[in-house]
Amino acid sequence: MLIREATASDADDLTRFINMAADNLPLHFWRKSAGPDGDPWAFGRERAARESGNFSFRNAWIAEIGGEAAACLLGYPAEETPGPIDPDTPPIFVPLLELEALAPGSWYLNVLATYEAFRGRGLGSALLALAEAVAAASGHAAVSLIAEDTHHDALRLYSAKGYREVARRPVVKGDWEVDASEWILFTKPVT
């Protein structure tokens, strides 16, 4: 296994990992943003390939096996002092922003995903360890992450690695088709 910083050329894999981690919520958003004549995957790739922004490749690492992208970590510092949620925020995102605000100043692990063919090889554990090292090295006291209540393997991994549940919020589905009913915020001290 090799873990490396992502590059703009990883945008295709990054969009797939980002979408996997949140059960097609990103694709749902990209479809709306791209419009009826746009390509939602191209919209996602553009976001991943940009130099700045939370979903930039600059905030991501790729785990490779045999030279092939196998898993992804994407994270960044959470706001030190979260402000109020913009009233124009789509309701589907409000519970996530509420939970993020409960872990101010943490290093926010937004995406941890592994392609199915590579699961069970310790990639998730290795990327969690990297997240913790990055957080500690950048002066953050904790790592935070949000998971869906239906991601049972991920929930077991987080619990086994010392992450503790802080809060839950109901999933707002709207026209997004998903089985999950709750978002769960986890944190782990790293300093």
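Modeller: In this predicted model, the contact (heavy atoms within 4.5 Å) is made by Ala 11, Asp 12, Leu 14, Thr 15, Arg 16 and Asn 19 of α1, which meet Trp 41, Gly 44, Arg 45, Ala 48 and Ala 49 of α3. The residues of this contact comprise 5 nonpolar, 3 polar and 3 charged, where Ala, Val, Leu, Ile, Met, Phe, Trp, Tyr, Cys and Pro count as nonpolar, Asp, Glu, Lys and Arg as charged, and the others, Gly among them, as polar. Helices are DSSP runs of H or I with at least four residues, strands are runs of E with at least two, and both are numbered from the N terminus.

Two packed helices are described by the angle between their axes and the distance between the axes. Here the axes of α1 (residues 11-21) and α3 (residues 40-49) come within 8 Å and cross at roughly 105 degrees; axes are lines fitted to C-alpha atoms, for helices over the stretch in contact, and angles run from 0 to 180 degrees between N-to-C directions. The two helices are therefore roughly perpendicular to each other, given that angles under 35 degrees count as roughly parallel, over 145 as roughly antiparallel, 65 to 115 as roughly perpendicular and the rest as oblique.

Most residues other than glycine have a negative phi. Asp 23, although not a glycine, has a positive phi of about 45 degrees, and Asn 24, likewise a residue other than glycine, has a positive phi near 70 degrees. Asp 23 counts as partly exposed because its relative accessibility is 26%, and Asn 24 counts as partly exposed because its relative accessibility is 41%; buried means under 20% relative accessible area, exposed over 50%, and partly exposed in between, with a 1.4 Å probe and protein chains only.

As for conventions, residues are numbered from 1 along each chain as its sequence is written. Local features need pLDDT of at least 70, side-chain atom pairs count only at pLDDT 80 or more, totals for chains, interfaces and linings use all residues, and side-chain values use heavy atoms, with hydrogens and water left out.
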